[in-house]
Amino acid sequence: MSPTDATSTLPTGAPTGLLIDGTWTTAARQLRVEDPATLATLAEVGDAEVADGLAAVDAAYAAFDPWAHRPARERAEVLRRAFEIMTDEIEDCARLIVLENGKAWADAIGEARYAAEFFRWFAEEAVRVAGGFREAPAGDKMIITDHTPIGVAYLITPWNFPAAMATRKLAPALAAGCTAVLKPAAQTPLTALWVGEVLRRAGAPNGTVNIVTTSDPGSVSEAILADERVRTLSFTGSTPVGKVLLEQTAKRVLVSSMELGGNAPFLVLEGADVDAAVEGAMLAKMRNGGAACTAANRFYVHASLVGDFTARFREALASLKVGPGIDRGNDLGAMVSTHERDKILELLGQAEDDGGRPDAISATPDGGAFVAPHLVHDVTHGSTLTRTEVFGPVAPIVTFEDTDDAVRMANDTEFGLMAYVYGPDKGTGIAVARRMDAGMVGIDRGLLSDAAAPFGGMKESGLGREGGFHGIHEFLETRYLGVSL
Ligand code: NAP
């Protein structure tokens, strides 16, 4: 048995059923989960139908009142235990992420740790939800504000961070006193099911966390969102699907939190430290194989630095070992599917038609959904590559002469999730960052995600913020009490 075979099995006891009312149930149909590094079948999980989705809502609704009235300290303790279990078993989580998503081992461990942090952070937040108390300006009453859990939350997550996107929603929902139905992406359901089992073992009461995996997200979600017992939707995924869901939630005036697509610019200004910029570019572009909503999607490099930056970036990319993520020596794993791989290869073809010069840095192994790291030289701002979320290890380079022009090109997109700025000094970096139409900007940093920081986008990248002090408020209503004086 090769070292790869030895680790390519699922962790013992990894659940594959639907989690409804605290019980793992077997669905009538099954959904195939593939290992994108080998294209072999990894597992079969429950394929929920509408009735299963509604059974999950029944359970979440029944569990809501008792959970909402549990002392915040007790809710916090469940989350804290979930953090501890997840931390103790972090390699099981990483293994599931690698096997079903394809990413490199180091990225998977990084994601698993980041995911666990949401349990710790929101365990701490659960007991710190502050209201307000003040006299009205007219002097006639006291204005008291308090917060109350919104109710049953429907949570939909994508395949690119199967653990972290689940915990970034489940942890604040549970901390706030909400109960949840989670629908993970069909390509990566196993990690979310494992997270559900962690919460169950941590003492989350039956019905507080329900997980339905399905090959029919449209019908199942539409039925769940039409159910009047569901009070909020938190979605992470693409902007087109987000828009479809917003139409559905508008019908019921549901609170909707949307973490959508990105098209992050990465600016290297005149006088920037090229080594630091390359280090940041490697993180911002290559973490998760480029399949991150926060990934640097287009590089704008000052004409005086473009030769040096490109040469050093190329050298760094050439040092990456491409291969199955389960082999810990590999730095760049597989894309999530051959479909996703082919989309990226098609974009590279389009880039060439648009006058760019794709430069494949290394070869890819046979068999799986692999894409080699690519630079694309001589890219024109406005071409397809600068307008489309690539979601892969492809770095288009655009040259600029003038900072104002770079800022204009960076903001010339319907997206506004993330931007990166490397300048000659912190002051310039901060000044330019403040001109970015983006919810998050990295200044001399290629990695920003932090459970303690507000994560979210402007423009078509979304509505609301997750994590930080904001995250719990996505699951709370504000109630104003007026008391006569
Ligand atoms: P996606 O196609 O929009 O899918 C996201 C989720 O929505 C999946 O669970 C999917 O289920 C489900 N879905 C698809 N159609 C649906 C429908 N009609 N009704 C209800 N649910 C539906 O996105 P993706 O390809 O998985 O993920 C990549 C996208 O997510 C990128 O655009 C990326 O930028 C974005 N993203 C954003 C953030 C952020 O925080 N802003 C973070 C990560 C990713 P199936 O899997 O069954 O199709």
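Predicted model: local features only at pLDDT ≥ 70, side-chain atom pairs only at ≥ 80, totals over all residues.
Colleague: Good. Is Asp21 buried, exposed or partly exposed?
Modeller: Asp21 sits in the loop between β1 (18-20) and β2 (23-25); helices (H or I, at least four residues) and strands (E, at least two) are DSSP runs numbered from the N terminus. Its phi is near 55 degrees, a positive value in a residue other than glycine. With a relative accessible area of 38%, Asp21 is partly exposed.

Colleague: Which residues does Gly207 touch, not counting those up to four places away in sequence?
Modeller: Gly207 is in the loop between α7 (189-201) and β9 (209-211), and its relative accessible area of 1% makes it buried. Contact here means heavy atoms within 4.5 Å. By that test, Gly207 touches Asp21, Gly22, Ala59, Ala60, Ala63 and Thr179.

Colleague: Zooming out, how many helices and strands does the chain have?
Modeller: The C-alpha atoms fill a box of roughly 70 × 65 × 40 Å along the principal axes. Within the chain, the secondary structure comes to 15 helices and 22 strands.

Colleague: What is the radius of gyration of the chain?
Modeller: It's taken over C-alpha atoms, and the globule rule to hold it against is 2.2 Å times the number of residues to the power 0.38. For 485 residues that rule gives 23 Å, and the chain comes close to it, so it is as compact as a globular protein of that length. The chain's own radius of gyration is 23 Å.

Colleague: What share of the contacts with a separation of 6 or more joins residues 24 or more positions apart?
Modeller: Start with burial: buried residues make up 57% of the 485 in the chain. As for those contacts, the share from residues 24 or more positions apart is 73%.

Colleague: Which elements do the buried residues of α15 pack against?
Modeller: In α15 (residues 426-433), the buried residues include Gly429, Val432 and Ala433. They cover an arc of only 100 degrees around the axis, which puts them on the same side of α15; the arc is that of the directions from the helix axis to the C-beta atoms. As background, an α-helix has 3.6 residues a turn, so residues three or four places apart point the same way. The buried residues of α15 pack against β12 (264-268), α14 (403-411), β18 (418-422) and β19 (440-443).

Colleague: What about Asp437: how far is it from Met458 in space, C-alpha to C-alpha?
Modeller: Asp437 lies in the loop between α15 and β19 and counts as partly exposed at 33% relative accessibility. Its contacts include Asn411, Met458 and Lys459. Asp437 and Met458 are 21 residues apart in sequence, and their separation in space is 6.8 Å.

Colleague: Where is Lys459?
Modeller: Lys459 has a positive phi of about 50 degrees although it is not a glycine. At 39% relative accessibility it counts as partly exposed. Its place is in strand β20.

Colleague: Is Ser461 buried or exposed?
Modeller: Ser461 is in the loop between β20 (458-459) and β21 (462-463). Among the residues it touches are Met258, Gly262 and Phe415. Its relative accessible area is 0%, so Ser461 is buried.

Colleague: Last one: which residues is Gly468 in contact with, leaving aside neighbours within four places in sequence?
Modeller: Gly468 lies in the loop between β21 and β22 (476-484), and at 0% relative accessibility it counts as buried. Its contacts are Trp121, Phe122, Glu125, Ala451, Ala452, Ala453 and Pro454.

Note on methods
Residues numbered from 1 in each chain as written. Heavy atoms only, no water. Buried < 20%, exposed > 50% of the residue type's maximum accessible area, 1.4 Å probe, protein only.
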